Amino acid sequence: MPTPAPEVESTAPSKPPFLNPAEIMKRLESSQVSYNIEGKDSPPGGWADQLWPQRVASREAPRVVKENGELVILDWPENPKARALLDAAEPHFQAKRYEEAAKLYEQATKVCPDCYLAWNFRGDAAYFAGDGATALEHYKIATRINPNDHRSWFFLGNAYARLGRFDEALESWAWCLVLNPRYPIIRQFFRTNSGLGLVVREDAIVPRGYAERAGQGVSVQFDPDHDPSWLAFANCKALWLGEPSHREEMTGTTKEHYTTVEEMECLGSALLVHASQKQKGATERSDPTLDRLAAITDDGMLMQAVLFEVGARIHPQVVLTLEDPVRQRLKAYVLKHVLVPASAVGGYDL
């Protein structure tokens with residue numbers, strides 16, 4: 001079965017304007033639903049895991065096809081003969097007998113020229129044997145056969161870097177993050193290779209507000225030790241949870257589902273309060289992640305941040321279901337706000 005995608009855009013023909021924090025409060029106060037506000041310590045990483053749990057499993061080797069006008073994700077077809085050769089090569093590779101492994105990987109690509117994973121393995125054998133130029137050519141073939149596997153782009157970036165071609169390496173690494181925003185290996189790679197001068201920045205969306213159903217009502221939670229702007233976010237989340245009419249107004253359906261419309265409205269509400277607090281000079285508990293998010297919004301990239309940080313939590317391969325113009329905008333976002341020079345971040349990441 002194809003992998004489904006969360007809702008990215010509103011399904012409504014035309015979306016009404018987002019509500020501001022005062023308008024949200026007015027609706028909550030006039031509702032028949034009971035909304036109870038309580039201060040509560042948030043987890044170290046905020047309430048992101050509770051708000052946006054993963055709902056869609058990743059495909060190990062994704063194949064993207066268009067069905068009924070939509071991009072869907074299937075499994076890349078397996079070739080039993082090629083797989084047997086790859087399995088036979090694995091003990092050689094693990095024992096660092098790269099030449100022996102390479103021979104078997106080469107046989108696999110001859111048996112199955114479209115087995116892009118076999119080309120990646122050929123690239124790995126050359127890369128770890130110290131032959132960056134040969135590795136590069138094999139990784140290039142893998143990305144041409146299947147441009148939708150983030151791992152191929154990560155390997156390609158590493159090969160470019162080994163050859164001193166850092167601009168091309170940066171482009172490849174950026175595509176890796178576009179295709180799989182939460183890929184842990186690339187994040188660890190830059191932490192352990194500080195000499196490259198690049199970092200993958202930590203999340204800019206670290207919610208310190210939360211809402212959940214409590215009996216017949218809704219519990220509106222926020223961390224009083226953090227920026228009070230997050231209460232506006234929590235109120236907005238409560239509205240989407242407790243008032244099906246608002247969801248229908250904004251998306252055309254009362255069905256509860258992930259949509260960027262909800263996240264844009266709720267984060268926008270927090271940002272409005274944050275800006276107001278800063279204008280008043282009330283910055284004692286100001287949240288630096290909201291400062292980053294405000295800069296992202298000023299660049300017109302809040303939607304990209306939501307897709308990158310929120311959508312990819314729910315569906316790690318959601319970008320594979322999106323058309324190229326959306327991917328290109330995400331790449332621009334990654335290069336501006338995620339994969340950046342270490343010197344732009346300073347001694348610690350925010």
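I count a residue as buried under 20% relative accessible area, exposed over 50%, and partly exposed in between, with a 1.4 Å probe and protein chains only. Helices (H or I, at least four residues) and strands (E, at least two) are DSSP runs, numbered from the N terminus.

**Ground rules.** The model is predicted, so I took local features at pLDDT of at least 70 and side-chain atom pairs only at pLDDT 80 or more, while totals for chains, interfaces and linings use all residues. Residues are numbered from 1 along each chain as its sequence is written, and side-chain values use heavy atoms, without hydrogens and water.

**Strand β6.** I started with the side chains here. G217, S219 and Q221 point one way from β6. V218, V220 and F222 point the other way. Every one of these residues is buried. That is 6 of the 6 residues of β6, so the strand is largely enclosed by the rest of the structure.

**The sheet.** I took two strands as paired if DSSP finds at least two bridges between them. The sheet is open, has 3 strands in the order β1-β6-β5, and its pairing is mixed. β1 (35–39) and β5 (209–214) stand at the edges with a single partner strand each, so one side of each has no neighbour in the sheet. The twist averages 25° from one strand to the next. Axes here are lines fitted to C-alpha atoms, for helices over the stretch in contact, and angles run from 0 to 180 degrees between N-to-C directions.

I then checked each pairing.
- β1 and β6 (residues 217–222) run parallel over 5 bridges. N36 has S219 as its bridge partner in β6, and E38 stands opposite Q221.
- β5 and β6 run antiparallel, joined by 6 bridges. A211 has V220 as its bridge partner in β6.

Helix α10 lies across β1, β5 and β6. It runs at about 30° to β5.

**Disulfides.** In sequence order of the bonded cysteines, the pairing is 1-2, 3-4.

C112 and C115 are bonded with their sulfur atoms 2.1 Å apart. The torsion about this S-S bond is about 85°, so the disulfide is right-handed. C112 is buried at 11% relative accessibility, and C115 is buried at 10%.

C236 and C266 are bonded with their sulfur atoms 2.2 Å apart. This link is left-handed, with -75° about the S-S bond. It joins distant parts of the chain, C236 in helix α10 (residues 229–242) and C266 in helix α12 (residues 260–280), 30 residues apart. Both C236 and C266 are buried.

I also looked up C176, which is buried at 0% relative accessibility.

**Cores.** A nonpolar core is a set of buried Ala, Val, Leu, Ile, Met, Phe, Trp, Tyr and Cys residues joined through side-chain atoms within 4.5 Å. Which residues have the most contacts inside the largest core? They are W173 and L293, in a core of 78 residues. Apart from it lies another core of 14 residues, among them F93, A101, Y105 and C112.

I listed the contacts of W173, taking contact as heavy atoms within 4.5 Å. Leaving out residues up to four places away in sequence, W173 touches partners including W153, F154, I186, F189, F190 and L339.

Note on methods
Disulfide = S-S within 2.5 Å.
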